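Hi,

Here's the structure I said I'd pass on. Have a look at it first, and then read on for what turned up.

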Amino acid sequence: MSKLTKNQKSVADKIEAGKAYSLREAAELVKEITTTKFDASLDIDVRLGVDPRKANQMVRGVVSLPNGTGKVTRVLCLCTPDAEAAAKEAGADYVGLDEYIEKIKGGWTDIDVIITMPSCMGKVGPLGRVLGPRGLMPNPKSGTVTMDVAKAVKEVKQGKIDFKVDKTGIVHSSIGKVSFTPEQIYQNAKEFIATIIKLKPAAAKGTYIKSIYLSSTMSLGVKVDPKTVE
């Protein structure tokens with residue numbers, strides 16, 4: 001077995017093996033055990049007692065994080081000319097329609113979120129082959145296909161994110177940065193988990209929240225006791 005580095009030993013000493021911490025304790029610990037020299041992303045993993053293969057047990061939704069995500073979200077708004085000014089004022093990084101449709105067809109996907117209008121979906125729909133695998137395809141359920149594009153842009157810029165359970169029953173998302181205070185981390189995590197709880201499918205039986213872990217880029221995961229957040 002390789003010898004632990006000084007940082008690894010320090011981290012190992014702070015986490016009790018097998019222990020589930022309260023959400024507040026985990027929010028503090030994840031900062032303490034992060035030793036990266038950059039502002040690492042803060043991630044949350046929630047394992048659910050659902051079968052994602054069944055349509056009536058799919059968990060998908062959106063949440064507005066109280067303290068934002070801590071990162072710059074590049075937003076493209078594909079809209080009609082009459083909505084362009086409002087979208088730009090709301091903070092969209094790129095605004096237009098036909099010219100960006102052509103850019104995407106050519107392989108351009110240097111954006112994080114695409115927001116569009118129902119009337120534009122006829123042009124956006126064929127881009128699914130390019131956008132789908134990258135998670136960029138606009139969807140009414142995530143609020144990215146809407147008549148009020150300015151409101152949608154503003155919400156995304158302020159920290160609104162969408163999520164869905166993967167095929168293994170886990171919801172994974174980035175909910176902030178390690179530079180956040182423990183209270184900000186706690187607030188974002190609590191809001192994220194509360195939203196997942198509200199979305200519990202009626203068909204889901206048994207334990208819904210099976211496990212929760214908080215971690216940062218390259219750090220160990222801190223196990224959270226679900227009873228401290230429900």
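No disulfides turn up in a search of the whole structure. Cysteine 77 has the sulfur of cysteine 79 as its nearest cysteine sulfur, 3.8 Å away, and takes part in no disulfide. Cysteine 77 counts as buried because its relative accessibility is 0%, and cysteine 120 counts as buried at 2%. Keep in mind throughout that this is a predicted model.

**The overall picture**

The protein chain has eight helices and nine strands. Its C-alpha atoms fill a box of roughly 60 × 45 × 35 Å along the principal axes. Of its 230 residues, 44% count as buried. The chain exposes about 12,500 Å², and 51% of that comes from carbon and sulfur atoms. If you take contacts between residues at least 6 apart in sequence, 73% of them join residues at least 24 apart.

**Two cores**

The largest nonpolar core has 36 residues, and the ones with the most contacts inside it are Ile44, Leu48, Phe192, Ile196 and Leu214. Two or more residues each come from α2 (23-32), β1 (41-48), β6, β7 (170-177), α8 (182-198), β8 and β9 (222-224). Which of these gives the largest share? That would be α8, with six residues.

Isoleucine 44 shows how those pieces meet. Setting aside its neighbours within four places in sequence, isoleucine 44 is in contact with Val171, His172, Ser173, Ile175, Ala189, Phe192, Ile193, Ile212, Tyr213 and Leu214. A separate core of 28 residues lies apart from the largest one, and Ile101, Cys120, Val124 and Leu131 are among its members.

Serine 215 sits in strand β8 (residues 209-216) and, at 13% relative accessibility, counts as buried. Beyond its neighbours within four places in sequence, serine 215 is in contact with Val30, Ser41, Leu42, Asp43, Asp45, Leu220 and Gly221.

**Helix α7**

Which residues of α7 (149-158) are buried? They are Val149, Ala150, Ala152, Val153 and Val156. Looking down the axis of α7, these buried residues fall within an arc of 165°, so they line one face of the helix. Just after α7 comes glycine 159, with a positive phi of about 120°.

**Salt bridges**

How many salt bridges are there? The count comes to eight. Here are three of them, starting with two that share arginine 74.

Aspartate 110 and arginine 74 meet through their side chains at 2.4 Å, N to O. Aspartate 110 is in the loop between α4 (98-105) and β5, while arginine 74 is in the loop between β2 (60-64) and β3, so the pair ties together parts 36 residues apart in sequence. Aspartate 110 is partly exposed, with a relative accessible area of 40%, and arginine 74 is partly exposed at 30% relative accessibility.

Arginine 74 also forms a salt bridge with aspartate 112, at 3.1 Å, N to O. That pair links distant parts of the chain as well, with aspartate 112 in the loop between α4 and β5 and arginine 74 in the loop between β2 and β3, 38 residues apart. Aspartate 112 is partly exposed, at a relative accessible area of 33%.

Aspartate 93 lies in the loop between α3 and β4 (94-96) and lysine 157 in helix α7, so to speak a link between distant parts of the chain, 64 residues apart. Both count as partly exposed: aspartate 93 at 38% relative accessibility and lysine 157 at 32%. Back at arginine 74, salt bridges with shared partners join Arg74, Asp110 and Asp112 into one network.

Cheers

Technical notes. Residues numbered from 1 in each chain as written. Predicted model: local features only at pLDDT ≥ 70, side-chain atom pairs only at ≥ 80, totals over all residues. Heavy atoms only, no water. Disulfide = S-S within 2.5 Å. Buried < 20%, exposed > 50% of the residue type's maximum accessible area, 1.4 Å probe, protein only. Helix = DSSP H or I, 4+ residues; strand = E, 2+ residues; numbered from the N terminus. Arc of directions from axis to C-beta. Contact = heavy atoms within 4.5 Å. Core = buried A, V, L, I, M, F, W, Y, C linked by side-chain atoms within 4.5 Å. Salt bridge = Lys/Arg side-chain N within 4 Å of Asp/Glu carboxyl O. Areas by Shrake-Rupley, 256 points an atom, 1.4 Å probe, with all protein chains shown as cover.
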